[in-house]
Amino acid sequence: MSQKDKMSRKDYKKNTKKKESKQPKKWFKRIILTFITVFLLVVVAGGALFAYYASSAPELTEEDLVGTFSSELLDKDGNVFYTLGGENREYAEANEYPDVMTDAMTAIEDQRFDDHMGIDPIGIARAAIGYVTNQGQIVGGGSTITQQLVKLSVFSTTRADQTLERKAQEAWLALQLERELSKEQIMTLYLNKIHMAGNVYGVATAAEEYYGKSVSELEIHEAALFAGMAKAPNRYSPYANPELAKERRDTVISVMAEEGHITSEEAEQAYNTPIDAGLVELSESDNTALVTDSYVQRVLDEVEEKTDLNPATAGLTIETNIDIDAQQRVFDVLNSDEYVNYINDEVQAAVSLVEADTGKVRALGGGRNTEVLRGVNRATQTKATGSTIKPLSTYGPAIEYLKYSTYHQVVDEAYSYPDGTSLRNYDGQYRGQISMREALVDSRNVPTAKLFNEDLEMNQVEEFMTQLGIPIDPMSLEGELVPSNAISGQMSPLQMSASYAAFANGGQYTEPYTVSKVITQDGQEIDLTPETNQAMSDYTAYMVTDMLKDVASNYNNIVGLGGIPQAGKTGTTNFTDEQLSELGYPSDAVPASWYAGYTSNYSLSVWTGYDNNRKGYLTFNDGSRLLPRHIYREIMQYVSQDVENTDWQMPSSVTEVTVEDGTDPAQLPGPNTPESERVTELFVEGTEPTEQSLNYGEELEAPTGLTAEYDEENDELTVTWDEYTLENEDESVSYNLSIDGESSTLSDNELTLTGPPAGDLTITLSVSAYDSTGPEATTTVTVPEPVEEEPEEEETEEEPQTEPEEDNPSEDEETNTDNNQNNDNEESDQEEDAGNGTPPPSDEDQDEETSDGDENPEQDTSNNQNNTDETPDDSDESTNTNDEE
């Protein structure tokens, strides 16, 4: 190889290395340029979208910012029972708010408040990312105090309304507001407007309500509490949740120290101040408002969700469905021991009362020992349901889609879920084959799980429940139906009462609602009455109700309403074995208990339990597991006393059929089915059983072909009949024959009787099978009297001596023939002898004469023959009787 070639290779390698070193730089530049291009496109697109959304932003007025309009809530009769907002505000000027209050608010809510122009670009970017990653919902903060003031003034604060469009409009209005007002003015408006829990609005009002002082006198720990409450006022209320309130307050104090607003010594002193230090007792007006607080909370939520209006500032007239008397009774039952013995103060309860045919919420009870406004509303919070879900998840769908009868048979036996997890009944026992009615009434878990997992399709269950306003998520913690949803799920008392109301209302469901109409400040009326839909067939509603009436009847000693027709279902949640062991609770301890019941007028659901499982448990020993039933009775009795309570009428789509218990599939009773084995159940029209059971035998009929013939020559009576055939070939039949009152049982269909009794004989015949006897067939036959032969008379030497007989010789023969009696002959002979002067022979003489055959031998022979004929007859008859037996 030449030197030139070698040099060329070196040059080639060198050039190749240069190219390779330049290649990564080109790709890096391309990536940077692509990123910049995409970023610019996003900025341009985002700007265009922002401009589009901003163009439709509402006008922000001074009236909106000040928000002096109060809203009035009217009861079902049109009377004002609650005033929200304006009347309960204390306004403070900018110079009245101390620096410690404004410092606390900016530290926790908007640390760049004094520097930004109304929006926080970083917060907006965070909101945009949250919108993309959370399917159109804004997640996370980022709003400035200016934006929050805009939101409180013209927008809804509900999570559902926190969209990208709304955020863009907030930002646009915040930019405008910053150009028109000073930071001090914006902060003052915000502090005067924010909600501070209950019916308290504005920090100046809160200072008076909570601490009985002017806002200018607030201390660090008090200002930190109010600043912390701005995020979630009811959650961080020192009255409702003191522990959470202290945790949030201390966070604000910590941030204030970090930002240099207070010293470490001041922070430490504020930390050590008890959360309830300086708090005053609630005012009398607040105590009165506690009665309706749970209901008011639901009203405010509905108005904001359905109208985008803020009831606290919009000056609305809100027509609600509350029944003040019922609401007062609910409050009294839950918050006193006058009606129910609650065992202790820690056990909690929740109540929802819905009008069955309209869906109107008449009363709500959010808890016991209520002390603060806007506290925990357990009536609208989801709880583990226990068995109260069974009619909704299993038995309703089984009737609706599979047209199962209330008699439908299912086997209660050892069972495991598809994943192998075993399931047991509440009593640890199995009852074998039982009806669907028995399974529901006795709340058997295994039959319920079998129906749910083996018979029903999950799409059927999902459709049935969603039609009743029960979304699968969050009803099922897994977000989709799972095998255990047959017997448990997550529902609120409000959902429970509304869904059960559909059973009471012929299958028609109306979303439960507290607000019928909203009238705005300018007179616009907004109708919030939801539509009613046919969630299930009327046969499903009636058949489920009929079964649940048995539940109410079983517990009549507790839930009885003095004869008012009602239906209901119990429910109990359970601890795991591990939880029982960890908590040291007895084996029958449970965390919560339910009772959901209804009349033709109202549907009422009651939950009882503990907010924290470590605070206690329910048990039969102290009666706490029965608390929901007692609460139900006290409230339902009260609301039912002044209304007409009717029973449910069976629709034409349902038929009532008596069937033989235990048959599977259902069969009609046979003619011999005992009354104890007959049950009356409900069937969807067209699915009634038609086949008759033969378990206890078929209907027996009278035998056919019964004839009787007498053979005079052989003196025999022959009785015959047709052979009787049963439908069940395995069953045997016997014949009951009676001849002139003499009965016998036969297996054959013929009888010959020798020497039957003379006369008109009545013969009856019946058949026996299945331990019963059918009707009789009857015939008659005449057996003539036996004809005796006349004895032949022989001439004797003494005949000439009986001269009177010689004069009329045939007269004695006729007498002898007609009478045919030895005694008459003997008497006649004795008279003849006496007439001839011959004494009658003695007994011994007669015997001797008979044995010698000298005296009338033919007559003796005739008598002997008669005796001989009678004896065999008796003997033959006796023999036949033995054969028959």
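## A hairpin and its neighbours

Strands E17 and E18 form a hairpin with three residues between them; strands here are DSSP runs of at least two residues and helices (H or I) are runs of at least four, numbered from the N terminus. This is a predicted model, where local features need pLDDT of at least 70 and side-chain atom pairs count only at pLDDT 80 or more, while totals for chains, interfaces and linings use all residues. Residues are numbered from 1 along each chain as its sequence is written, and side-chain values use heavy atoms, with hydrogens and water left out.

E17 (residues 592-598) pairs with E18 in the antiparallel sense over seven bridges, where pairing requires at least two DSSP bridges between the strands. Ala592 has Gly609 as its bridge partner in E18. Strand E4 (residues 348-355) also pairs with E18, in the antiparallel sense over eight bridges, and there Gln348 stands opposite Gly609.

## How covered is E18?

Eight of the eight residues of E18 (residues 602-609) are buried, so this strand is largely enclosed by the rest of the structure. Buried means under 20% relative accessible area, with exposed over 50% and partly exposed in between, using a 1.4 Å probe and protein chains only. Both faces are covered: Tyr602, Leu604, Val606 and Thr608 lie on one side, and Ser603, Ser605, Trp607 and Gly609 on the other.

## Helix H3 and its crossing with H10

Now to the helices. The axes of H3 (residues 99-109) and H10 (residues 242-258) come within 9 Å and cross at roughly 95°; axes are lines fitted to C-alpha atoms over the stretch in contact, and angles run from 0 to 180 degrees between N-to-C directions. That makes H3 roughly perpendicular to H10, a label for angles of 65 to 115 degrees. On the H3 side, the contact (heavy atoms within 4.5 Å) is made by Val100, Ala104, Ala107, Ile108 and Glu109, and on the H10 side by Arg248, Thr251, Val252, Val255 and Met256.

H3 is mostly covered, with eight of its eleven residues buried. Among them are Met101, Thr102 and Met105. The buried residues of H3 pack against H10 and also against helices H5 (145-154), H7 (183-193), H8 (203-211) and H9 (220-229).

## Two nonpolar cores

A nonpolar core is a set of buried Ala, Val, Leu, Ile, Met, Phe, Trp, Tyr and Cys residues joined through side-chain atoms within 4.5 Å. The largest has 60 residues, of which Leu392 and Leu468 touch the most other members. Helix H21 (residues 538-554) gives this core its largest share, eight residues. Apart from it lies another core, of 54 residues, including Phe113, Ala174, Leu218 and Ile253.

Definitions and conventions:
Parallel < 35°, antiparallel > 145°, perpendicular 65-115°, else oblique.
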